Amino acid sequence: MQQEVQVMFDYLFRFGTDAYGQTILLGANWDLFWWFLAGSVAFLIVHAAAYPVLQRRKAQVAQRIAREFIHVRS
Amino acid sequence: MFGPRTIDAQFALAPGESRVARHALAERLFHWTLAASFLVLIVTAFGPILGWKFEWVATHWIAGIVMTLAILFHLGRALLSLEFWSMMVDRIDLRDLWRGLVGQLSRRGPLPGKPGKYELGQKLFHWGIAGVAVGLVATGLLMLAKLDTPFWQRNPYWLSETAWGIVYTIHGICATLALPMIIVHVYFVLRPEHVHLLRTMVTGWETRREYLEDTDTSRWRPEELKE
């Protein structure tokens, strides 16, 4: 478990050594850039694909409400 | 629903169509200054990481100062003269989010209502990018201590190495978070159903029909523009 956490830390952050040979934090790992870029592109693709389906469902709900409204009034 | 229009048609008014004010000139100037500075900051931050070789440091910190001043200007206006509460997530937003989710999953009503001036997504984006910008500005200003500028000499020993590591980490994480947020923001504003919002950020107005189509008029009443 400790080793897995260490691997995760090594992936998320950059480390170096100071003048005394001690490990120091340098910053965020720039490989995260690619993950965030890929994540945002994936989101755009999923949203663009799902949007027509979501809109269709919304229209179906509106139609159902209208039908039920008409039914109750009649 | 108000149908998509071409870019040219976005700027044309139909005969008899009236307009309402959406964004004041100061807000639009702030938005585009922020957008330009963010673009310069992203190119000068990630360009060298991607292997592009150019003198990026001076451009980066100057763009950062421009962004900081723009944010301070916006903060002042938000507290003094903008419709501050129109950007707050309220009970109606959460109710409509719930109704939207239930409607999508069960295909039953009631439907979510219309938003006020801003939709929930816009509000969440605003606060998300505001948090990221605060992180970038706070750490970026600290990092200026490591640079020689016309105004001061560098002092890299101002903070300990551990503290600098934390500052750089926060700056890096905020920068990597800003990138997808901006990509998603640009994507949404270029979608056909939202592209008129791009025009409102250029011209400041939307048509009365767009206002009535998209807005709960009890939650936001804009100023009518005279022809």
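Modeller: Two strands pair if DSSP finds at least two bridges between them. Keep in mind that this model is predicted.

Colleague: In which sense do strand β1 and strand β2 of chain A pair?
Modeller: Strand β1 of chain A covers residues 13-17, and strand β2 of chain A covers residues 23-28. Five bridges join them. The sense of the pairing is antiparallel.

Colleague: Which residue in the hairpin of β1(A) and β2(A) takes a positive phi?
Modeller: Look between the strands, where the hairpin has five residues. A phi near 85 degrees is found there, and the residue that takes it is Gly21(A).

Colleague: How are α2(B) and α3(B) oriented to each other?
Modeller: Helix α2 of chain B spans residues 25-49, and helix α3 of chain B spans residues 57-80. Their axes come within 9 Å and cross at roughly 155 degrees. Angles over 145 degrees count as roughly antiparallel. The two helices, α2(B) and α3(B), are therefore roughly antiparallel.

Colleague: What is the handedness of the crossing where α2(B) passes α3(B)?
Modeller: Residues that meet there include Phe30(B) and Leu34(B) from α2(B), and Met67(B) and Phe73(B) from α3(B). The contact has 12 nonpolar, seven polar and one charged residue. The crossing of α2(B) and α3(B) is left-handed.

Colleague: Which element gives the largest share of the side of chain B that touches chain A?
Modeller: The contact takes 22 residues from chain B and 24 from chain A. On the chain B side, α2, α4 and α6 each give two or more residues. The largest share is 14 residues, and it comes from α6(B).

Definitions and conventions
Residues are numbered from 1 along each chain as its sequence is written. Chains are lettered from A and ligands numbered from 1 in the order in which they are written. This is a predicted model: local features need pLDDT of at least 70, side-chain atom pairs count only at pLDDT 80 or more; totals for chains, interfaces and linings use all residues. Axes are lines fitted to C-alpha atoms, for helices over the stretch in contact, and angles run from 0 to 180 degrees between N-to-C directions. Helices (H or I, at least four residues) and strands (E, at least two) are DSSP runs, numbered from the N terminus. Angles under 35 degrees count as roughly parallel, over 145 as roughly antiparallel, 65 to 115 as roughly perpendicular and the rest as oblique. A crossing is left-handed if the near helix is turned anticlockwise from the far one by less than a right angle, and right-handed if clockwise. Two residues are in contact if their C-beta atoms, placed from the backbone, lie within 7 Å. Ala, Val, Leu, Ile, Met, Phe, Trp, Tyr, Cys and Pro count as nonpolar, Asp, Glu, Lys and Arg as charged, and the others, Gly among them, as polar.
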